[in-house]
Amino acid sequence: MERETENRRQQVEEYKQALLPLLRYLPWLEKSVGTQVSRTYNGADMGEKLMGFPVYDGNLMGFVREAGNSIFMDRNYRYVYTRNRIVSHDDERKVIADATIKEWGILCGILSNYVLGGRTRSTLWSEAVQERIFYLVINKMVEIVEFWDKPLDKPRF
């Protein structure tokens, strides 16, 4: 019992340390829900017609970079979706809302789906902001860490 408690404490501390760099984006993620955080640049303003490519908000790119370098990334995120029968944004929101520390891996899988998947499918990052997925996952992670530890200092945007 004592050993289990100590392991849990270490696990929560590890989660907390990895979560701290992402906290500064939480107010921006909340404020940006439903807004357009990317645009397509096609060179039309230069008189040339080029193939369009997405240009993302700097805060979004910072968040994706920080999250992508965190311990929360799970390269097998697709299995999280199939194992838990997650097929829509509503399913994701329900799983996130019901998550406890035991479902931390599911939260990591959902975050990974958008962060890692967005590297090859450009619309995923914007979709995660618009659909509130990034905000909900990080907020739930904070809630879980605060339940097992003490309140975290959340920066204001």
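**Figure 1. Helix H6 and its length in a predicted model.** Helix H6 covers residues 104-117, and its 14 residues should span 20 Å at 1.5 Å a residue. The C-alpha atoms at the ends of H6 are 19 Å apart, which agrees with that span. The expected span is 1.5 Å times one less than the number of residues in the helix. Helices (H or I, at least four residues) and strands (E, at least two) are DSSP runs, numbered from the N terminus. H6 is mostly covered, with 13 of its 14 residues buried. Buried means under 20% relative accessible area, exposed means over 50%, and partly exposed lies in between (1.4 Å probe, protein chains only). The model is predicted, so local features need pLDDT of at least 70 and side-chain atom pairs count only at pLDDT 80 or more, while totals for chains, interfaces and linings use all residues. Residues are numbered from 1 along each chain as its sequence is written, and side-chain values use heavy atoms, with hydrogens and water left out.

**Figure 2. The whole protein chain.** The protein chain has eight helices and two strands. Along the sequence they follow the pattern α-α-β-β-α-α-α-α-α-α. Of the 157 residues in the protein chain, 41% count as buried.

**Figure 3. The largest nonpolar core.** A nonpolar core is a set of buried Ala, Val, Leu, Ile, Met, Phe, Trp, Tyr and Cys residues joined through side-chain atoms within 4.5 Å. The largest one has 49 residues, and Leu 19, Phe 63, Phe 72 and Phe 134 have the most contacts inside it. Two or more residues of this core come from each of H1, H2, H3, helix H4 (77-83), H6, helix H7 (123-130) and helix H8 (133-148). H8 gives the largest share, ten residues. In soluble globular proteins, nonpolar side chains tend to be buried together.

**Figure 4. The largest pocket.** The space in the largest pocket is about 190 Å³. A pocket is found on a 1 Å grid over the protein atoms alone, as an open set of points where a 1.4 Å probe fits, with protein on both sides within 12 Å along at least five of seven lines. Grid points are joined across faces, edges and corners, and the volume is the space filled by probe spheres set on the points. Lining residues have an atom within 4 Å of a point. Which residues line the largest pocket? They are Glu 4, Thr 5, Arg 8, Arg 9, Val 12, Glu 13, Trp 148 and Asp 149. Helix H1 (residues 2-23) supplies the largest share of this lining, six residues. By class, the lining has two nonpolar, one polar and five charged residues. Here Ala, Val, Leu, Ile, Met, Phe, Trp, Tyr, Cys and Pro count as nonpolar, Asp, Glu, Lys and Arg as charged, and the others, Gly among them, as polar.

Figure 5. A salt bridge is a side-chain nitrogen of Lys or Arg within 4 Å of a carboxyl oxygen of Asp or Glu. The structure holds eight salt bridges. One of them joins the side chains of Arg 9 and Glu 6, at 3.1 Å from N to O. Arg 9 and Glu 6 are three residues apart in helix H1, so about one helical turn separates them. Glu 6 counts as partly exposed, at 34% relative accessibility. Lys 16 forms a salt bridge with Glu 13, and their closest N and O atoms are 3.8 Å apart. Lys 16 and Glu 13 are also three residues apart in helix H1, again about one helical turn. Lys 16 is buried, with a relative accessible area of 11%, whereas Glu 13 is partly exposed at 34%. An α-helix has 3.6 residues a turn, so residues three or four places apart point the same way.

**Figure 6. A salt bridge between Glu 66 and Arg 24.** The side chains of Glu 66 and Arg 24 meet in a salt bridge of 3.0 Å, N to O. Glu 66 lies in helix H3 (residues 58-68) and Arg 24 in the loop between H1 and helix H2 (26-31), so the pair ties together parts that are 42 residues apart in sequence. Glu 66 is partly exposed at 27% relative accessibility, and Arg 24 is partly exposed at 46%. Elsewhere, salt bridges that share partners join Glu 13, Lys 16 and Asp 149 into one network.

**Figure 7. Two arginines with positive phi.** Phi of Arg 85 is near 50°, a positive value in a residue other than glycine. Arg 85 sits in the loop between H4 and helix H5 (89-98) and counts as exposed at 71% relative accessibility. Arg 132 has a phi near 75°, also positive. Arg 132 is in the loop between H7 and H8 and is partly exposed, with a relative accessible area of 34%. Most residues other than glycine have a negative phi.
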